[in-house]
Amino acid sequence: MHLDHPVTMPQRHTHSAEPLSADGTRRALRVGLGGPVGSGKTASVAALCRTLRESWSIAVVTNDIYTREDAEYLLREAVLPPERITAVETGACPHTAIRDDISANLEAVEHLEETLHPLDLVLVESGGDNLTATFSKGLVDVQVFVIDVSSGDDIPRKGGPGITTADLLLVNKTDLAPHVGADLATMADDAKRQRGDLPVIFTSLTSDDGIREVADWVTAHLTEWHAKAAV
Amino acid sequence: MSRAALLLLADGRFPAGGHAHSGGVEAAIAHQAVHDTDSLEAFCRGRLHTTGLTMAGLAAAAAAGVDPLLLDDAADARTPAPALRAVARRLGRQMMRAARATFPSEDLERLAAERPQGAHQPLVLGLAARAAGLTPLDAAHAAAYENAGGPATAAVRLLSLDPLDASGLLARLSSETDAVATAAAQAADRVAAEGIDALPSASSPLLDITGEQHAAWSVRLFAS
């Protein structure tokens with residue numbers, strides 16, 4: 001049996017699990033978006049920004065394989081002003097930067113929080129990676145794993161930490177299912193088997209308001225986060 | 001001292017941000033100065049005896065208890081390229097976060113308060129070593145080893161080199177790494193009598209130039 005320290009986290013320097021910063025102010029909710037290359041992570045971030053930016057103060061950290069590619073897409077699409085988007089270099093190891101050594105990402109998040117205070121939401125987008133890539137709980141509060149139907153409808157069955165443990169599994173590009181022979185019902189069954197009660201959303205981000213359900217999920221977490229910080 | 005603490009501090013898995021930096025080897029590969037194991041070994045050897053010696057001296061002096069603010073100025077003076085100064089401070093901030101959580105100490109807290117934007121990484125490494133009960137020579141070893149080990153690991157990723165060749169290369173540099181660490185620790189020992197100028201100030205102008213150029217690339221895999 002694991003026993004905690006008598007004092008809760010006597011040396012806490014990351015302040016990442018608490019809704020309040022060291023100085024007592026509320027910090028932003030941090031949402032990680034991970035998943036394979038081309039599944040629609042950047043498109044999800046862009047759509048979330050467009051949907052939520054009128055209601056919440058948002059910033060984005062991108063972890064490109066090659067730096068700035070995703071950040072520049074977000075700038076080009078003008079989903080947020082440039083000072084709200086930061087790119088982090090990952091030394092050819094995107095999963096290391098979000099899981100094993102999160103210091104550069106934490107720096108980026110904290111810098112955004114300082115310069116844009118008060119922020120409500122920071123979206124941390126990982127570089128495209130494999131099915132085992134997950135975010136450290138020291139970096140994000142909740143994480144979304146983004147896959148798409150065209151990469152193979154056996155991906156939920158294969159599982160892996162991203163599929164099985166992410167707080168939300170987003171299955172994108174459902175409009176392509178008939179063209180690539182993907183069986184959405186099988187994908188849903190497999191996801192249910194891998195994830196139990198954890199939520200799964202099937203969508204096509206290219207459709208009108210395709211991000212709606214995801215935005216609602218993020219909003220629910222934001223509301224809960226605010227309630228926690230206000231106690 | 002705890003030998004295990006030194007291993008922890010010098011481990012490439014210590015979460016202090018180093019994995020995203022190539023120590024200049026990404027730029028050297030782009031210029032084809034590094035293209036195989038032999039040229040990588042030459043690069044690592046050159047870096048070890050220049051930047052590595054200088055950084056090891058700063059780390060040893062910090063571990064010996066020399067005023068870190070003086071050392072921070074000395075590090076600036078030894079880092080002429082603005083891009084590399086910025087990198088050293090950024091890595092110093094990241095090392096500070098890891099060090100404060102791993103080896104808490106008043107020295108680290110004080111420096112963090114005095115340099116909120118980050119002190120040069122070798123000083124923070126030195127103070128972390130001091131907090132862990134390690135010697136100035138230990139701190140110099142960690143700094144010197146990291147100076148050759150960082151680029152070697154980065155080159156394995158960038159050139160798809162055989163990782164066994166890279167570890168063989170680092171093994172061949174072992175005695176030189178020890179010698180650099182010893183020279184750095186001896187210099188740090190002379191600071192009390194001779195002042196801060198006793199510390200090594202070896203530099204590699206090509207690393208400064210290509211480091212500055214690399215910072216302006218729009219597409220790169222490593223932060224430096």
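Buried area is the accessible area (1.4 Å probe) that two parts lose on being put together, summed over both. The views below show a predicted model, in which local features need pLDDT of at least 70, side-chain atom pairs count only at pLDDT 80 or more, and totals for chains, interfaces and linings use all residues. Residues are numbered from 1 along each chain as its sequence is written, chains are lettered from A and ligands numbered from 1 in the order in which they are written, and side-chain values use heavy atoms, with hydrogens and water left out.

**View 1. The interface of chain A and chain B.** About 1,800 Å² is buried between chain A and chain B, with 51% of it on carbon and sulfur atoms. In contact (heavy atoms within 4.5 Å) are 21 residues of chain A and 22 residues of chain B.

View 2. A salt bridge is a side-chain nitrogen of Lys or Arg within 4 Å of a carboxyl oxygen of Asp or Glu. Between chain A and chain B there are 4 salt bridges. One of them joins Glu89(A) and Arg90(B), whose closest N and O atoms are 4.0 Å apart.

View 3. Helices (H or I, at least four residues) and strands (E, at least two) are DSSP runs, numbered from the N terminus. Two strands pair if DSSP finds at least two bridges between them. In chain A, 7 strands form an open sheet with parallel pairing, in the order β3-β2-β4-β1-β5-β6-β7. At its edges are β3 (85-87) and β7 (200-202) of chain A, each pairing on one side only. From one strand to the next, the twist averages 20 degrees; axes are lines fitted to C-alpha atoms, for helices over the stretch in contact, and angles run from 0 to 180 degrees between N-to-C directions.

**View 4. Strands β2 and β3 of chain A.** Strand β2(A), residues 58-62, pairs with β3(A) in the parallel sense over 3 bridges. Opposite Val60(A) stands Ile85(A) in β3(A). Helix α4(A) packs on the sheet, where it touches β1 (29-34), β2, β3 and β4 (121-125) of chain A.

**View 5. A salt bridge within chain A.** Arg50(A) and Glu77(A) meet through their side chains in a salt bridge of 3.0 Å, N to O. Arg50(A) lies in helix α1 (residues 41-52) and Glu77(A) in the loop between α2 (69-76) and β3 of chain A, so the pair ties together parts that are 27 residues apart in sequence.
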